Amino acid sequence: MMLAHPYHVVTPSPWPMASSIATMNFMLTTALSMHGYVPASSNLLLITFLVLVVSIVLWLKDTVIEGSYLGVHTLLVRRGFGYGFNLFVLSEVLIFAAIFWAYLHSAMNPTIELGLQWAPLDIVKVEAMELPLLNTILLLSSGATVTLSHHKWINGDYKNSTIAMFITTLLVVVFVVFQVVEYITAQFTITDGVFGSTFYAGTGLHGFHMITLILMLSTVTVRMYFRTFSRTHSTNLDTTIIYSHVLDVIWLALFVVFYVWV
Amino acid sequence: MLSRVNANKNLLKASFRNFSISPAVFQNKVTKTKTSEEISKEYNTMIVENVKEREDKIKEYKQFMKEAGYEQTIYDIKSSEDLFGPGPKDNTVPTEYEQATGPARFELLGKMAGIDIFDYGSSTPNRIGTPQDPIPVLSQDPYSYVGCGGIQDKNIHELIYLRPTTEEVARCPECGQCYKTVLVPGAGAHGGHGH
């Protein structure tokens with residue numbers, strides 16, 4: 001009648017293959033359009049991105065059904081998700097460590113070509129105490145609201161926890177919008193020497209992660225609204241909270257090193 | 001293979017959970033050598049003797065849980081069709097009892113009754129099995145596959161797969177642990193044609 005083991009033996013699924021191919025298509029199209037092989041008017045970039053999003057959404061849908069409606073996510077399976085996500089977070093931190101290294105390599109000892117100063121000669125830097133400070137405040141507020149939401153959820157306050165999670169999502173959306181504004185108004189580009197390259201690599205990678213975080217937070221908000229989590233079984237919520245805090249901390253490091261210290 | 005050993009242990013644990021007596025075969029010291037027939041007989045007798053006591057205890061437990069607000073207990077589960085919760089009340093966050101389904105619910109109800117359904121613990125025997133006094137491995141079939149991991153706290157090694165039968169003792173080449181298959185009650189009903 002029952003399973004004699006707590007493991008989840010996954011049924012055959014097309015989504016790993018579908019999302020792999022979609023990722024490859026998106027990456028190739030991005031690279032080719034950046035080098036002018038794919039005309040910008042062809043909408044290929046948008047199409048491949050949508051295919052990627054659709055395959056991810058369908059895969060997640062299957063996972064949610066398995067976890068919430070079939071109940072195959074036993075304690076052991078959840079522990080596995082936890083390990084997997086924490087290792088993913090570790091790899092993210094290491095990617096950022098590499099970018100910080102690249103930045104600090106030039107910043108700690110500016111060469112003669114940079115004018116022996118950091119930021120390099122003639123670079124008009126972004127004012128740290130203007131938009132970046134506001135972004136920092138937004139991000140820290142989102143950290144506060146996500147914690148509020150988590151506490152409310154654990155204590156059974158359905159309405160307020162969902163509202164707090166929705167506010168968190170909005171705060172992160174506003175952060176990304178302000179980041180776009182900052183990029184548009186910045187006086188230097190990614191091709192302006194090592195400063196431009198490392199600056200946009202660091203803040204841009206963080207920005208991409210914030211877009212991912214928006215997707216994760218919206219998923220969690222919707223799942224909270226439809227109550228597919230319980231008080232103690234909410235792996236998706238837990239991992240999203242970890243992710244948002246990790247990105248908060250990375251932003252604080254970016255803010256100090258890339259904006260204030262320059 | 002290992003899960004089979006676990007399942008057998010579970011069967012024993014689940015059957016004997018509510019008794020003060022635990023089966024002698026799983027105790028540290030077994031002085032007398034027993035044949036598989038004797039062990040099987042002992043197992044049967046203990047079940048028959050304790051049915052009444054067991055039912056009383058289950059009834060008591062169900063009553064206790066009902067008063068605490070839990071209508072469903074692990075003893076109400078007859079098939080996977082029963083593994084559904086009552087669902088959350090309006091405008092509240094569901095608890096795991098209200099929401100969990102499937103194997104996760106089975107595990108939860110087991111935990112509420114103090115039964116480790118999937119047996120997360122070690123399946124390594126805590127005594128040394130000898131050719132005269134092997135570790136019994138309960139099975140529906142006249143043979144079983146055992147992954148020997150050594151002896152608890154004494155000699156742990158990589159899994160070595162063995163195939164003891166009801167006739168022959170299988171001995172691990174690494175640690176010398178001996179295993180023998182013991183048929184569970186009611187086994188052999190469809191035996192003999194290669195299941």
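**Figure 1. The salt bridge between chain B and chain A.** In this predicted model, the count between chain B and chain A is one salt bridge, a term that stands for a side-chain nitrogen of Lys or Arg within 4 Å of a carboxyl oxygen of Asp or Glu. The two partners are Glu96(B) and Arg78(A), whose closest N and O atoms are 3.4 Å apart. Because this is a predicted model, local features need pLDDT of at least 70 and side-chain atom pairs count only at pLDDT 80 or more, while totals for chains, interfaces and linings use all residues. Residues are numbered from 1 along each chain as its sequence is written, chains are lettered from A and ligands numbered from 1 in the order in which they are written, and side-chain values use heavy atoms, with hydrogens and water left out.

**Figure 2. The interface of chain B and chain A.** Across this interface the rule finds 13 residue pairs in polar contact, both residues being at pLDDT 80 or more; a polar contact is a pair of N or O atoms within 3.5 Å, where within protein one must be able to donate a hydrogen and the other to accept it, and residues adjacent in sequence count only if both atoms are side-chain atoms. On the side of chain B that touches chain A, helix 1 (2–16), helix 3 (96–99) and helix 4 (102–112) of chain B each supply at least two residues, and helix 4 of chain B gives the most, with six residues. Helices (H or I, at least four residues) and strands (E, at least two) are DSSP runs, numbered from the N terminus. By class, the residues of this side of chain B divide into 11 nonpolar, nine polar and six charged, where Ala, Val, Leu, Ile, Met, Phe, Trp, Tyr, Cys and Pro count as nonpolar, Asp, Glu, Lys and Arg as charged, and the others, Gly among them, as polar. Counted by contact, which means heavy atoms within 4.5 Å, 26 residues of chain B meet 27 residues of chain A. The area buried between the two chains is about 2000 Å², of which carbon and sulfur atoms give 61%; buried area is the accessible area (1.4 Å probe) that two parts lose on being put together, summed over both.

**Figure 3. The two domains of chain A.** Chain A is divided into domain 1 (11–72) and domain 2 (73–260), with bounds that come from an automatic or database domain assignment. The C-alpha centres of these two domains of chain A lie 22 Å apart, and eight residues of domain 1 are in contact with six residues of domain 2. Between the two domains of chain A, the buried area is about 570 Å², of which carbon and sulfur atoms give 57%.

**Figure 4. Two loops of chain A.** The secondary structure of chain A comes to seven helices and zero strands. In the loop between helix 1 (15–34) and helix 2 (44–69) of chain A lies Asn43(A), a residue other than glycine whose phi is positive, near 65 degrees. In the loop between helix 3 (75–107) and helix 4 (131–154) of chain A is Ala119(A), which a cis peptide bond, with omega of about 5 degrees, joins to Trp118(A). For comparison, most residues other than glycine have a negative phi, and most peptide bonds are trans.

**Figure 5. Paired strands of chain B.** Strand 2 (residues 146–151) and strand 3 (residues 155–162) of chain B pair in the antiparallel sense over five bridges, where two strands pair if DSSP finds at least two bridges between them. Gly150(B) stands opposite Ile156(B) in strand 3 of chain B. These two strands of chain B form a hairpin with three residues between them, and Asp153(B) in the turn has a positive phi of about 65 degrees. Elsewhere in chain B, three strands form an open sheet in the order 1-5-4, with mixed pairing, and the edge strands are strand 1 (135–139) and strand 4 (170–171), each of which pairs on one side only.
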